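Subject: Handover of a structure and notes on it

Dear colleague,

Please find the structure below, together with its sequence. I would be grateful if you would read the notes with the model open beside them.

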Amino acid sequence: MTFSPVSHHQDGALYINPQALANALPYFEYINGTLYFDGVSTHTLKEIYGTPLYAYSQRALLANYQSYTDAFDAIDHQICYAVKANSNLAILKTLAKAGAGFDIVSKGELARVLQVTDAKKVVYSGVGKTADDIEYALKADIHCFNVEAISELDTINEVAGRQNQIARISLRINPDVDAKTHPYISTGMKDNKFGISHEQAVAAYMYAHNLPNLKIVGIDCHIGSQLLDTDGFSDALDKLIELIDTLTDKGIKLQHIDLGGGLGVRYIDENPVSVNQVATVLLPRLKQLGLKLYLEPGRSLVANAGVLLTTVDVLKPTEFKNFAIVDASMSELIRPALYESQMAIIPAKLSRDTAKTWDVVGTVCESSDFLGKDRILSLQVGDTLVITGAGAYGFSMACNYNTRPRPCEVMVNHGTHRLIRKREALDDLWKDELI
């Protein structure tokens, strides 16, 4: 059954039924007209911590993680959270305690992971690893590198040789599979920068096989993000199985297969397939392969485990547009400006006042600074708005453009709340600068 809390006004504006959306998302509910998130009133969050504010549900995060490990329980597997989606240490610690590994794309992300756990379950992806990055990762004893270029094999072999180590590697294959997603978050097409082409894969493996300081342990792919059906996963798996069979014939035996992440989430009215549906499609072939499975989910673990709270500071009706100017902006949440993504914006307090069509915008001096366009909302100055689906690529992509301090972050859990990142102070913005 499809779900849609959305209706479109005759002028093209978007109305989101807040109660319908809250009912569709875990750990959201309106009680006496006030939105609660994992048992905590959004009014309480604003009163204690101020806005803009990111809040994350620990229960939602753990439930999303558990859905993966339950779905693939029939085979040996390791779920590696994609740190780039949200790298707060409290998020990482919560997942590490639950048994998660980590998918990283930088030395900095590895350094974060090492604050909360060891590196034994870390896979290191990314297209531009330097010798310094590789040395740091080898000393930390990560599980393996997901290699994305043939020249990278030489660099890893060289660094490992200098350190008298054997580097475990997996080759990230670009299978040229269309993920049917936004081009900015597609990573598995032949015109994307990621991975080694399917056509070059066997030659690359043979080359790696002959390098003395490398140990081949796996094969990897990741075709993109916000995937709404199983087709991309299935097509990519078929292409990897072809390569695995060829490699086996050539005497190269693998220990694991890594299918990346990318499962989509509901932001407003999307109906993505569930983890169970993906597992149902993939498991028969994976069981036959007999390899350990690695998965690298990010968005599907944290997106709907997080919200961004923001306050309406100015209402500016004009002859052509009505602007609701809020204290969050593209500096805090860049997804709408970068991808033209539509995210749900609902009130923290239900209102029966007359609704109008508003563009919800920030104060950054860019016309691209918007959080939602043509939204039908009942608004007054001082109202709190809640942007759902903000747990992934929200704070992690936030910046200080227009010299704006980044917001604080809070963890909520079954009616409790705690600060997990302080709001930046003005002095923080230039403390590392030299006059």
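Predicted model: local features only at pLDDT ≥ 70, side-chain atom pairs only at ≥ 80, totals over all residues.

Residues are numbered from 1 along each chain as its sequence is written, and side-chain values use heavy atoms, with hydrogens and water left out.

Cysteines

A disulfide is a pair of cysteine sulfur atoms within 2.5 Å. The search of the whole structure found zero of them. Two cysteines illustrate why. For C144, the closest cysteine sulfur belongs to C80 and is 8.3 Å away, which is too far for a bond. For C399, the closest is that of C365, at 13 Å, again too far for a bond.

The surroundings of these residues can be described by relative accessible area: buried means under 20%, exposed over 50%, and partly exposed in between, using a 1.4 Å probe and protein chains only. C144 is buried, at 0%, whereas C399 is partly exposed, at 30%.

Salt bridges

A salt bridge is a side-chain nitrogen of Lys or Arg within 4 Å of a carboxyl oxygen of Asp or Glu. There are 14 in the whole structure. The helices and strands named below are DSSP runs, numbered from the N terminus (helices: H or I, at least four residues; strands: E, at least two).

One of the salt bridges joins R59 to D38, with the closest N and O atoms 2.7 Å apart. This pair links distant parts of the chain, since R59 belongs to helix α3 (residues 58–71) and D38 to the loop between β4 (34–37) and β5 (40–41), 21 residues apart. R59 is partly exposed at 27%, but D38 is buried at 0%.

Another joins D141 and R168, at 2.9 Å from N to O. Here too distant parts of the chain are linked: D141 is in the loop between α6 (131–140) and β10 (144–147), and R168 is in strand β11 (residues 167–174), 27 residues apart. D141 is partly exposed at 36%, and R168 is partly exposed at 27%.

E158 and R162 form a salt bridge of 3.8 Å, N to O. Both lie in helix α7 (residues 150–162), four residues apart, and are therefore separated by about one helical turn. An α-helix has 3.6 residues a turn, so residues three or four places apart point the same way. R162 is exposed, at 56%.

Finally, K321, D359 and D374 are linked in a network of salt bridges.

Which residues of helix α4 (residues 89–98) are buried? They are A90, I91, L92, T94, L95 and A96. The N-terminal end of α4 is capped by N88, with a side-chain oxygen 2.8 Å from the backbone nitrogen of A90. Just after α4, G99 has a positive phi of about 110 degrees.

L110 lies in helix α5 (residues 107–114) and is buried, at 0%. Leaving aside residues up to four places away in sequence, L110 touches I104, A119, V122, Y136, A137, A140 and I142 (contact means heavy atoms within 4.5 Å). The C-alpha atoms of L110 and S170 are separated by 18 Å, and the two residues are 60 residues apart along the chain.

Yours sincerely,

A colleague

Methods
Polar contact = N/O pair within 3.5 Å; in protein donor to acceptor, adjacent residues only side chain to side chain.
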